[in-house]
Every structure is written in structure tokens, then in C-alpha cells.
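Take a moment to look at the model before reading on.

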Amino acid sequence: MEALLKVGPLSFISTRKKFFEGLFLCLFPGDFVHLKGPSGSGKTTLLRQIVGLEPSEAKRYLEGKLYLPQEIASFRSRCLYLAPEAPVFEGTVEENLFFPLRFRHHRAKKIPQPLEILKKLGLRVSLKTPASLLSTGEKQRLALARALLFDPDVILADEPFSALDQENFEKAFMLLYSFSQSGKKAVLCVSHGNLPKSTRIFLLSHGKLEEPS
Amino acid sequence: MNIIALTPKDLIVASSFVFLAGGLSLALELGITKRLLLAALRTVLQLSLLGFLLKGIFALNRPYPVLLLLFFMTLVAGREAASRTKRRYTKIILDTTLAMGISAFFVGAVVTQIVIDVKPWYHPQYVIPLLGMILGNALNGVSLALDSFLDYILSRQTEIELYLAYGAERLEALKKPFQHAVRRGLIPIINAMSVAGIVSLPGMMTGQILAGTPPLQAVAYQILVMFMLAGAYTLGAVLAVFLAGQKILGPELRIRKELFKT
């Protein structure tokens, strides 16, 4: 089977420490991979390097197609990075959900009604609510809902559940999990806690990315 | 024309104002007496130097000295604009100087060659003061716009990265900081145009009237200058943030924080 996403080599060496060097990451269609590793092992940097928000020498392939550095925006629209802060900007929930429609790479997309997905996430807010009024957990679910609405090929989620209670955590996880099973999709998810379902696991520690058997 | 010439003696009398300010500063323990006197001294020296330089260039009446002086003024203005921003990135001075040079060249060319149509084209009496005003004001627009641009990007990094993560191209990701910055850069000239002639008599017009120009001619020149400065502000601000945006996001469209390490 052809890899959906292939990125590497990824190296992160700061002046005081070598975090990792020469890593290659491969995700196949249908993968839901739980990325684990001790704090400070460089998981966030790894994810940010994959989408080019941090510098690296990595080559990026989606479905075997190489994306050159000048095509990074197009790559990012297909391989979506979900930042841990779940940032929102000034404006309503609706504006925060739909802003990517202004971008060239999303303009032609048909985005489904958001209410259903918000309900599945247990997020009961009006679309006109100012996003700044949301709690951290609500912002996280908003960010997840947006990612799912824009239907990328790959979602790289950095601690997407950290501020959710058990009930909402399970709902959000199940949505993200079923996304990974819905055709040619894959998810790489950083999470400190255990996930409700057993999934593939990558362990980043001591500069190595391993899949414990 | 009825110009009343100023003599050195007149200026010595006028300097008593500076000494008055210095005396007050001493009495109130403001701690700026030295800086005040030094600044006053610099005014005298710098302006005298400029006076002699202009006198020489006017007398030569050749294009090269004029161009050389303009070039030098642009370099100084670029440097000054870069030093006025709170945050700086590597080689910011290249961008400020380029922004300043292009906007001054363009606005200056239109004003001197098309609007006023000076003969010969380098007529120093017109070209130098006009370009000086353009540079001085573009400098303001450039540094204000750049300052708020850099501040926006660095203080709302997560927001910009959110746009980038969703596949925004450069201008899409930077649209808000661009708008914010250029708006900020234009405020002074908009304010100046709104109150011109009501709250303040613009300096240049005052100067022309003192030098004997008929008021309506002085007004016409002042209007020209205001419009010209509006152009210089806008062009300078837009160019500066555009160049900064190229530099900061780089070809890989990420916020290059390493550029901000001093």
C-alpha cells in the first residue's frame, strides 16, 4: 500500500541539546497514530516541522506526490496541523470556523453545515457568539470542528483533548478516530493520556521514533 | 520682496529662550539641561553646515552634487527609520532604505518633474527641500507602519500560524497585520491634513509667507506638499511592510523567529 504521508528527514538540534536526527515519518490510509513521548522530547517541534512551521530539510510527500517548499501552502491545506493552544482570533464562532474559505487553497470547497458536528462535540454555542468568550475546552472543540469541516487528508493534532472532561474527551476522540477511518485519511495525535481505543503508537524518546510492539 | 534679514545678533537674542529653558530645567531638577543645551548646539551646527552645503550646491548648479546629497539623505533616513522601531529583524535597514528610496524617488519625480516642472530637472532650490520633506515624512510613515506590523506579528504569532497552518499564502496570512500597520502609518498625515490651517499654520507655508510669498501661492504650495506627503506616507508604509513580510515569512512561509534574535 502506498503511504498517504511521507516526511523526512526531520532533525531538531538546538545549541544545548540534540532532540532527534534524521527521522522519517510515514502514515498510511486509515492510520490513527498516537504519538507519545516524555515532555521535552520534541513532539511539538516534530509536528511543526512536518508542516514547515519550524525549519527542516525535510521532503514532503502526499500520496507519492512531492511538495516543494514553494508549494508548502498547498501541502498545509491537505495536511493540517492543529496547534495545542487552539488559537482563536477576534470575531464570532462562525468567523473562526470559516476563515479558511478566504484562502486560495480552500476557496472552492463545499463546507457542510457546522451545527451537526458542533453538536457531536457537545459544543452548544450560537454561531454568533464572540469566540473570545469560549472556555479553553470549548476553543479546543471549535478548533477540532474546523479541522474536520475542512476535511484535509491528514490531521496532525497536538494535544487536542488536553482541556476536555472525560465525556467530551471520548466524544472528540471518537470523531477524530472516525475521520481517520473515512477513506484515504490519517491522523497523528499527540496526547499524554491514554486514548479510549487502542491504536498504533509511535514513541518519540531519546531521539528515536519507535513503534513499540 | 520685503524680507527682513536675520543677523547673528538676532539669533544670539533668540538663544536666550534656550537658556531660559535650561535655567528652568536646572531649577526644577529635570536632569535634561545638558541634553537640551547639546541639542541646541547640534541644531546650530547641523543647520549651519547644511546652509553652507546648500549654498555651495546652489552655486554649482550641477546634477551630480544634488543627486549625491539626495542619495546620502535617503541612506540616513533609512537608518533612522530602522532605529525607530521597537523590534528589529536582521537587515531591517535594507528594507527601510529601499522603501524610503522608492517612495521618495517616485513621489519626488512626479512632483518636481510633472507638477512643478522645474527647469533644469535637478534645480537644487526646489529638488532638495522637496525631497527632504518627502523623506522626513516617509520616514515617519515607514517607521510607524513597520513598528505596528512587527508588533502584530510577534504578539499574535499563534493567530498568524493558524492561518499558515490552514494553507494561507503569504498575503492571505499577512492581510490583517498589513491593514493594521498601513492604517497606523497613515494616521499622522490624515491628522495633519484635517487640521491644516485651523489648528496649525503648516511650517512650510509659514516659512514661505515670512519669506514674502503671496499667501495664496503659499497655500497652493502647501496643498501640493500635503498631497505629496500623503503619497509618500502611503507608498513608504506599504512598501516597508511588504518587504518586511517577504523577509519575515521567507520562502517557506513560516514566522522566522531566528531573525529577531539580536
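Predicted model: local features only at pLDDT ≥ 70, side-chain atom pairs only at ≥ 80, totals over all residues.

Residues are numbered from 1 along each chain as its sequence is written, while chains are lettered from A and ligands numbered from 1 in the order in which they are written.

Start with chain A. It has 6 helices and 10 strands. Helices (H or I, at least four residues) and strands (E, at least two) are DSSP runs, numbered from the N terminus. The radius of gyration of chain A, taken over C-alpha atoms, is 17 Å. The globule rule (2.2 Å times the number of residues to the power 0.38) also gives 17 Å for 213 residues, so chain A is as compact as a globular protein of that length. Its C-alpha atoms fill a box of roughly 45 × 35 × 35 Å, taken along the principal axes.

Now look inside. Buried residues make up 40% of the 213 residues in chain A. A residue is buried if 20 or more other C-beta atoms, placed from the backbone, lie within 10 Å of its own. Two residues are in contact if their C-beta atoms, placed from the backbone, lie within 7 Å. Take the contacts in chain A between residues at least 6 apart in sequence: 71% of them join residues at least 24 apart.

Find helix H1 of chain A, residues 43-50. Here 6 of the 8 residues are buried, so the helix is largely enclosed by the rest of the structure. The buried ones are Lys43(A), Leu46(A), Leu47(A), Arg48(A), Gln49(A) and Ile50(A). After H1(A) comes Gly52(A), with a positive phi near 80 degrees.

Move to chain B. Its domain assignment, automatic or from a database, gives domain 1 (1-60) and domain 2 (62-260). Their centres, taken over C-alpha atoms, are 28 Å apart. The contact takes 7 residues from domain 1 of chain B and 9 from domain 2 of chain B.

Finally, where do the chains meet? On chain A, 22 residues are in contact with 15 residues of chain B. Helix H2 (72-78) and strand E6 (79-82) of chain A each supply at least two residues of this side. H2(A) gives the most, with 5 residues.

Note on methods. Buried ≥ 20, exposed ≤ 12 C-beta atoms within 10 Å, placed from the backbone.
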